[in-house]
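Biologist: I am new to reading models. Can you take me through one, feature by feature?

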Amino acid sequence: MNRVLSTASVAAFLLSATCVLSAEPKLSSRALMQSKIEHSREVLAGLCVEDFGRIAANARSLTQITEEQWIGVESEQYRMHLKNFRFATAELERLANEKNMDGASLAYLQMTMSCIDCHKHLRRREK
Ligand code: HEC
């Protein structure tokens, strides 16, 4: 009986461990990458048609993606890029809410540069 119980609890433990593991953020998951691209495209579209709600909502989603999913790469440089990115998306959201077209456009450019910079950094690390 004890043996059955302990087998069951080991199985339960393994199962929950697997659940925890699969709930871990997957940096390279296709869906995540696609959503970064999608949201930044939506921001650009919002800027083109001066739809501030669309800009703010997608900027917020981009900030949330970084908050929820981008852990695991631990280097000072990476954290700096991440900080720059979050600053830009937060600014983008704030300025869109203020209906500041020029400011939001600038924050969009800043954000885009930080996408490129972080990836440049990641590629260099691999070499
Ligand atoms: C702070 C760092 C950082 C920033 C900023 C960043 N990314 Fe990423 N990005 C990553 C990491 C980490 C990966 C995963 C790399 C991997 O899986 O090899 C990734 C992967 C990607 C990929 C998939 C590349 C592939 O291998 O297919 C795309 C596309 C992408 N990011 C788009 C963006 C876009 C668009 C932005 C800006 C809106 C952005 N990223 C900003 C860190 C960043």
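Modeller: Start with confidence. This is a predicted model. The chain averages a pLDDT of 81, and 72% of the residues score at least 70.

Biologist: Where in the chain is confidence lowest, and where is it highest?

Modeller: The general idea comes first. Where pLDDT is low, the predicted coordinates should not be read in detail. Here, confidence is lowest in helix α1, residues 2–23, with a mean of 47. Helix α4 has the highest, at 94. Over residues 13–26, pLDDT stays under 50. For that stretch the model has four contacts beyond four places in sequence.

Biologist: How far apart are the end C-alpha atoms of α4?

Modeller: Count 1.5 Å a residue. Helix α4 covers residues 76–97, which is 22 residues, so it should span 32 Å. Its end C-alpha atoms are 31 Å apart, which agrees.

Biologist: Which residues in α4 are buried?

Modeller: Think about turns. An α-helix has 3.6 residues a turn, so residues three or four places apart point the same way. In α4, the buried residues are H81, F85, A88, T89, L92, E93, L95 and A96. After α4 comes K99, with a positive phi near 55 degrees.

Biologist: Now F52. Is that residue buried or partly exposed?

Modeller: Count neighbours. Buried needs 20 or more other C-beta atoms within 10 Å. F52 has 18, so F52 is partly exposed. F52 lies in helix α3, residues 52–69.

Biologist: Which residues does F52 touch, beyond four places away in sequence?

Modeller: F52 touches A96 and K99. F52 and M101 are 49 residues apart along the chain, yet their C-alpha atoms are separated by 8.3 Å.

Notes:
Residues are numbered from 1 along each chain as its sequence is written. This is a predicted model: local features need pLDDT of at least 70, side-chain atom pairs count only at pLDDT 80 or more; totals for chains, interfaces and linings use all residues. Helices (H or I, at least four residues) and strands (E, at least two) are DSSP runs, numbered from the N terminus. The expected span of a helix is 1.5 Å times one less than its number of residues. A residue is buried if 20 or more other C-beta atoms lie within 10 Å of its own, exposed if 12 or fewer, and partly exposed in between; C-beta atoms are placed from the backbone. pLDDT is the predictor's confidence in each residue, from 0 to 100. Two residues are in contact if their C-beta atoms, placed from the backbone, lie within 7 Å.
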